[in-house]
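Hi there,

Here is the structure I promised to pass on to you. Have a look at it first, and then read my notes below.

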Amino acid sequence: MEHEIRKQNLQQLRLEYGESFRRALAEQGLTPEEFSEQSKIPLTVVEDHLSGKLRFLGEVNNICFRLNKRLKVELID
């Protein structure tokens with residue numbers, strides 16, 4: 001049960017982060033391809049971030065779960 005809750009929280013976090021990243025790109029008038037080219041971040045990595053497939057949030061999510069907290073990731077100015 002705990003594992004499923006953590007898994008759901010992590011998926012939601014990844015999707016929220018991806019959407020925040022997508023909005024930031026749109027505000028700058030950039031496509032993922034343009035951002036990749038300008039930043040030198042491989043397009044596959046950019047696409048993983050946008051789609052919610054990135055892996056690095058798992059440990060942070062576990063810490064939050066153990067503290068009975070929810071993490072919010074937002075790109076801000």
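How many nonpolar, polar and charged residues are in the lining of the largest pocket? By class, the lining has three nonpolar, two polar and four charged residues. Here Ala, Val, Leu, Ile, Met, Phe, Trp, Tyr, Cys and Pro count as nonpolar, Asp, Glu, Lys and Arg as charged, and the others, Gly among them, as polar.

Before more detail, this is a predicted model: local features need pLDDT of at least 70, side-chain atom pairs count only at pLDDT 80 or more, and totals for chains, interfaces and linings use all residues. Residues are numbered from 1 along each chain as its sequence is written, and side-chain values use heavy atoms, without hydrogens and water.

The lining of that pocket is made up of S20, R23, A24, E27, Q28, E74, L75, I76 and D77, and the pocket's volume is about 160 Å³. On a 1 Å grid over the protein atoms alone, a pocket is an open set of points with protein on both sides within 12 Å along at least five of seven lines, while a cavity is a set where a 1.4 Å probe fits but cannot get out; lining residues have an atom within 4 Å of a point. Grid points are joined across faces, edges and corners, and a volume is the space filled by probe spheres set on the points.

There is one cavity of 30 Å³ or more. The largest cavity has a volume of about 50 Å³, and its lining includes N9, Q12, C64 and F65. Four nonpolar, three polar and two charged residues form this lining.

Happy exploring!
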